[in-house]
Structures are given as structure tokens and as C-alpha cells.
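The sequence and structure come next.

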Amino acid sequence: AIQRGDVLYAVELVNDLNPEILDTNAELYFHLQQQQLIELIRRGEVAAALDFAQEELAPRGVENPAFLEDLERTLALLAFDDQHNCPMGHLLELSQRQKIASELNAGILASQCQQKDPKFPMLLKMLVWAQNQLAEKVKFPVMTDVATASFDSEGPPTAFSGV
């Protein structure tokens with residue numbers, strides 16, 4: 001939902017899943033609201049954007065100076081005719097939506113006691129390390145291609161370089 005700009009629906013889905021996610025993570029909730037402001041600005045809804053900023057975001061900025069700074073940067077978009085090519089134009093790029101979506105996903109995973117980073121890359125690094133350690137001591141079938149899980153029964157001639 002966030003990646004297509006529908007922040008309100010994303011907030012609704014998160015609250016349906018677990019209302020405490022946004023209640024206990026003020027920074028995440030602020031970033032979602034900031035993204036909603038960005039979407040209003042993107043659609044050219046200046047009056048709605050100003051109302052939203054004043055009613056929803058300004059009170060949070062009073063509580064947290066970092067939030068106020070982010071709010072000011074976002075509202076700076078309104079000062080430019082060509083918002084996409086202004087100093088804060090990066091906020092209108094799709095990568096901004098992706099950043100917020102990733103932050104939200106990490107918050108959801110953390111609320112479910114899961115790691116926010118995938119385990120597979122760490123397992124591959126451990127495999128490479130273990131093969132390098134073992135290669136110094138004995139000959140063994142070594143995985144030569146992680147993508148296809150190919151093994152070489154001769155063992156490594158030198159330390160395995162990995163992924």
C-alpha cells in the first residue's frame with residue numbers, strides 16, 4: 001500500500017494486525033504520517049497538506065526536535081514550483097516510499113519477535129567461514145557454487161572465496 005502511495009490504508013492494515021506496533025514506535029508512526037504529507041504534496045493538495053501538517057505532525061514536532069526538523073524539510077517542498085528538482089525533491093522519489101515500507105516491515109517483524117534482517121545471507125557467510133577454517137586442516141567435499149549447491153569432492157586447493 002505504501003509503495004503505491006496509500007499510507008492511510010497501510011496504517012489501517014497495521015492497526016488491524018497489531019495496534020500496538022504504531023502505538024509503541026513513535027518514530028515509525030511519525031514517518032508514516034510524514035509520508036502521508038508527502039503524498040498530499042505529490043498530488044498537489046496544498047491546503048490539505050498544510051492542515052494535515054498542522055493537526056497531525058506539528059504536535060509531534062514539539063515533542064521531538066528531530067521530528068520538527070523532518071517536518072520542516074518536508075514542508076520546504078511547498079516553497080518550490082518544481083518540487084521534483086528542488087533540494088528536497090528526493091522525498092518525492094519512489095525510493096522514499098520504499099524506505100518507509102521497509103521501515104514498516106521491520107517494525108512489523110520486530111513486533112512478532114522476528115529479526116528484521118534475513119537469516120540466509122548470514123548463513124552463507126557462516127558456510128564460507130566454516131569451509132575456509134576446515135580447508136586449512138583437512139580435505140573435504142566443498143560447496144563450489146552456492147547458487148546451484150555444487151560440490152567438489154577434491155576439496156579446496158586454496159581457501160574458499162565464497163558467495
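A residue counts as buried when its relative accessible area is under 20%. The model described here is predicted. By that cut-off, 13 of the 17 residues of H3 are buried, so this helix is largely enclosed by the rest of the structure.

**Helix H3**
- H3 covers residues 26-42. From its first C-alpha to its last it reaches 24 Å, close to the 24 Å expected at 1.5 Å a residue.

**Packing of H1 on H3**
- Helix H1 (residues 7-17) packs against H3 at an angle of about 155°, and the two axes are 9 Å apart.
- Angles over 145 degrees count as roughly antiparallel, and H1 and H3 are therefore roughly antiparallel to each other.
- On the H1 side, the contact involves Val7, Leu8 and Val11. These residues meet Leu32, Gln35, Gln36 and Glu39 of H3.

**Helix H5**
- Buried residues in H5 (residues 65-75) are Phe67, Asp70, Leu71 and Thr74. Viewed down the helix axis, the buried residues of H5 fall within an arc of 100°, so they line one face of the helix.
- H3 and helix H4 (46-63) are among the elements that cover the buried residues of H5.
- At the start of H5, asparagine 64 places a side-chain oxygen within 2.9 Å of the backbone nitrogen of alanine 66.

Notes
Residues are numbered from 1 along each chain as its sequence is written. This is a predicted model: local features need pLDDT of at least 70, side-chain atom pairs count only at pLDDT 80 or more; totals for chains, interfaces and linings use all residues. Side-chain values use heavy atoms; hydrogens and water are left out. Helices (H or I, at least four residues) and strands (E, at least two) are DSSP runs, numbered from the N terminus. The expected span of a helix is 1.5 Å times one less than its number of residues. Buried means under 20% relative accessible area, exposed over 50%, partly exposed in between (1.4 Å probe, protein chains only). The arc is that of the directions from the helix axis to the C-beta atoms. Contact means heavy atoms within 4.5 Å. A polar contact is a pair of N or O atoms within 3.5 Å; within protein, one must be able to donate a hydrogen and the other to accept it, and residues adjacent in sequence count only if both atoms are side-chain atoms. Axes are lines fitted to C-alpha atoms, for helices over the stretch in contact, and angles run from 0 to 180 degrees between N-to-C directions. Angles under 35 degrees count as roughly parallel, over 145 as roughly antiparallel, 65 to 115 as roughly perpendicular and the rest as oblique.
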